[in-house]
Amino acid sequence: MTPLLDVRGLTQHYRTQGGGTLRALEYASFMLAHGEVLGIVGESGCGKSTLGRAVLRLVEPTAGQVLFEGEDILRLPRAALRRRRRDMQIVFQDPFGALNPRHRVATLIGEPLTIHGLPGVAERVAELLDLVGLPPDSGRRYAHEFSGGQRQRIAIARALALSPKLLVADEPVSALDVSIQSQIINLIAELKRRMGLAMLFISHDLSVVRHVSQRIAVMYLGRIVEIGPAAAVFEHPAHPYTQALLSAVPQPPGVARRERIILEGDLPDPTDPPPGCAFHGRCRHAMPRCAVERPALVARRSAGGVREAACHLYEEA
Amino acid sequence: MSTPILQVEGLTLTAGGAALVEDVSFAVAPGEMLALVGESGCGKSVTALAVMRLLAPAIRHAAGTIRFDGADLGALDGEAMRRLRGSRIGMIFQEPMTSLNPVFTIGEQIAEVLRLHRGLSPAAALSRAAELLDLVGLPTPRRQLPRYPHQMSGGQRQRVMIAIALACEPRLLIADEPTTALDVTVQAQILALIDRLRRQLDMACLLITHDLGVVAEFCDRAAVMYAGRIVETGPAEAVFVAPRHRYTHALVRTMPARNPPGELLPAIPGQVPPPGARGIGCAFAPRCDAPLPDCAVRPELAGAPHPAACWNPAE
């Protein structure tokens, strides 16, 4: 069966003011099945948000292919792209910035339907309010009258208005308090179940990603360094960066702690990435070869299933 | 517990007639790390600002005393308080970029504190600044001195903020969400650093945070705040392993890491009530999964093995 999404060698470079090249995303390849949630984790500047935007062609990628049901989004002419956009939507971290303060909630949620010239806007808005758990009279109010959690419900309702097949959720719960965060995570899980929605779930919060994703991709300095089933990546991380990242999360009481691996130094400059493996300068397993030769993502069978990791430790010498 | 260096008693803060913080009491001993933990709007940050006497003009210190090393901070004049801040009480905030001056080098900014509070000569201050950068784990400290804040990463800037806060060897460090803006691997570095320094310098530490994982791992004691009040307090481990207040209990249970992947999280319904709409009973009762008729009356912070303000504490 054709996957919903087949991303091949997706690359996004930006020119910097000094005439250099910022390699925000380098050769990302992965597949996403219908109804599947792929979590994308990594720290600031690792390229996870760029990946989400590049897949939707909200930026114009430098190279690569994004096959959506077999059709390359990056090669579509404007009009065809616009029709395709019904199938792919995005929810951002900041529900304050994403909602126009001058429009009523009904207008905000109904806008995608209006833009695409679809009938029955009022009925659909009422349906969507109910779907995301907002009171029926919310449509007459303005976004600023709602709390952060409720605003995120509004943003989700709008993203779902056209019944998309793919939702890119970029840090959707990061701005919310713990008690509100759980409400929104439950809502997202419920919608996924009811609508068969596939998702790219981008977050720096590893425990949230673990909770919602079937598979997880770990990014470092613009590249996917490990990708595989969520349980395999979390319980048996292969890449030394994944190991360090997971070990750094302070665990709530009652959850077993990992032996902490404190990373020395800072993230390298993405306009001047180190040669070889970008992580080698901070890696406790670094070998001479890591400084000169970039490791490829290699499939590897281990506890929890097959996953790919880009590390010389796992290559045949 | 040894004599506390900071003792807050019955602190009440109001704004426009509504109480932001009500009847808050806690103490921190030398070398101890106490967490004030809670969600947005619970009053934890404004409590820390009150301790430093840095409240916004619209906020009134309506009741309660704050004693630092035996002295009533409320009785100090502005000049005495200024001498205390930055010398005997150090502070670090969430966003190091906005706390550092972009037009001065970090060497100048650390040296300023030492010249102001310690009267060191410019040369002596710079040399001490390099020592401090070494203490907070910045490599090649001498070469860091001429750098500007924008030339550093977020983690490096937060290390500089800690160096400034520690410049005069404070007795108390107030850290308001010091790692919230940082990545998780950097967060681990900074928390390990604060933890090492408070032991090394026998410094009391008041950590303001919303992150229960951070509290459980780094703090000795925790005070959980909800809607302007401390609702539970005790050893950090006990508060989160065996929470008594229904709010703490629900908060711990709802964390994704505590639940099997993919399953519905036991969410807490509703929202935190804003100041002025917190009622006369337990402010958490409308969201509580085990309320009693008694909850219409405000419960006292009491009970064993550690105090909680709850009529129906969790077992």
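**Figure 1. Pairing of strands E1 and E2 in chain A.** Strand E1 of chain A is joined to E2(A) by 8 bridges, and the two strands run antiparallel. One of the paired residues is Arg15(A), whose bridge partner in E2(A) is Thr21(A). The model shown here and in the other views is predicted. Strands of a sheet pair through backbone hydrogen bonds, in either a parallel or an antiparallel manner.

**Figure 2. The open sheet of chain A.** Four strands of chain A form an open sheet in the order E2-E1-E4-E5, with antiparallel pairing. Strand E2 (21-32) and E5 of chain A stand at the edges; each has a single partner strand, so one side of each lacks a neighbour in the sheet. Helix H1 (residues 48-55) of chain A lies across E1, E2 and E4 of chain A and runs at about 65 degrees to E2(A).

**Figure 3. Strand E4 of chain A and its two partners.** Strand E1 (residues 5-15) of chain A is joined to E4(A) by 5 bridges, the two strands running antiparallel. Within this pairing, Asp6(A) has Leu67(A) of E4(A) as its bridge partner. Strand E5 (residues 71-72) of chain A is likewise antiparallel to E4(A), and 2 bridges join them. Here Leu67(A) has Asp72(A) of E5(A) as its bridge partner. E4(A) and E5(A) form a hairpin with 2 residues between them, and Glu69(A) in the turn has a positive phi of about 50 degrees. Strand E4 (residues 63-68) has a covered face, made up of Gly64(A), Val66(A) and Phe68(A), while Ala63(A), Gln65(A) and Leu67(A) make up the uncovered face.

**Figure 4. The contact between chains A and B.** Chain A contributes 32 residues to the contact and chain B contributes 37 residues. On the chain A side, helix H6 (178-195), helix H7 (206-212) and helix H9 (240-247) each supply at least two residues. The largest share of this side, 7 residues, comes from H6(A). The residues of chain A that touch chain B comprise 15 nonpolar, 12 polar and 5 charged ones.

**Figure 5. Helix H4 of chain B and its surroundings.** Helix H4 (residues 106-118) of chain B has 13 residues, which at 1.5 Å a residue should span 18 Å; the end C-alpha atoms are 18 Å apart, in agreement with this expectation. Its buried residues are Ile106(B), Gly107(B), Gln109(B), Ile110(B), Ala111(B), Val113(B) and Leu114(B). An α-helix has 3.6 residues a turn, so residues three or four places apart point the same way. The cover over the buried residues of H4(B) includes helix H5 (122-135), helix H6 (141-144) and helix H7 (154-166) of chain B. Just after H4(B), Gly119(B) adopts a positive phi of about 65 degrees.

Key
Residues numbered from 1 in each chain as written. Chains lettered and ligands numbered in written order. Predicted model: local features only at pLDDT ≥ 70, side-chain atom pairs only at ≥ 80, totals over all residues. Buried ≥ 20, exposed ≤ 12 C-beta atoms within 10 Å, placed from the backbone. Pairing = 2+ DSSP bridges. Contact = placed C-beta atoms within 7 Å. Nonpolar A, V, L, I, M, F, W, Y, C, P; charged D, E, K, R; others polar. Expected span 1.5 Å × (residues − 1). Axes fitted to C-alpha atoms, helices over the stretch in contact; angles between N-to-C directions.
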